[in-house]
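Please look at the sequence and structure below before reading on.

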Amino acid sequence: MINEIIINDTILPIKDYKQDGKAGKLQISVKFNVSSDQYHDMTTMLYKDKFSIKVPQKNLLFEAKITQYATSITNLYKKEQVGVFKVTFTER
């Protein structure tokens, strides 16, 4: 079971991991928790256009862009809230 990925230089514990190839490009979909304390830093990182994705347990390293993004909660500025982010990264 994959339990973390590295986005740029940020280690991210994940709760779900799916990998496939779509149109000949590597694609991974992950789910992870984001607390109200992490919200600003996490969303700022995810608004970037280019990502270096590492999956240490699969020995993968690739450049990617976000092709799907969703969250279970839209206002994580309230203290002690936790949302689930679902993000799909597709190889560039």
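## K18 and its partner

K18 is exposed, its relative accessible area being 51%. The model in which this value was computed is a predicted one. K18 pairs with D16 in a salt bridge, where the closest N and O atoms lie 3.2 Å apart.

D16, the acidic member of the pair, is partly exposed, with a relative accessible area of 24%. K18 counts as exposed because its 51% falls over the 50% cut-off.

How many salt bridges does the rule give? The count is two. Besides the pair formed by D16 and K18, D49 and R92 join their side chains in a salt bridge, with an N to O distance of 3.1 Å. This pair links distant parts of the chain, 43 residues apart. D49 sits in the loop between α1 (39–46) and β5 (51–55), while R92 belongs to the segment after β7 (82–91).

D49 is exposed, at 54% relative accessible area. R92 has a relative accessible area of 41% and is partly exposed.

## S35 in strand β4

Strand β4 covers residues 25–35, and S35 lies in it. Which residues does S35 contact once its neighbours within four places in sequence are left aside? They are Q81 and V82.

For S35 and Q81, the C-alpha atoms are separated by 5.7 Å, although the two residues are 46 residues apart along the chain.

Conventions:
Residues are numbered from 1 along each chain as its sequence is written. This is a predicted model: local features need pLDDT of at least 70, side-chain atom pairs count only at pLDDT 80 or more; totals for chains, interfaces and linings use all residues. Side-chain values use heavy atoms; hydrogens and water are left out. Helices (H or I, at least four residues) and strands (E, at least two) are DSSP runs, numbered from the N terminus. Contact means heavy atoms within 4.5 Å. A salt bridge is a side-chain nitrogen of Lys or Arg within 4 Å of a carboxyl oxygen of Asp or Glu. Buried means under 20% relative accessible area, exposed over 50%, partly exposed in between (1.4 Å probe, protein chains only).
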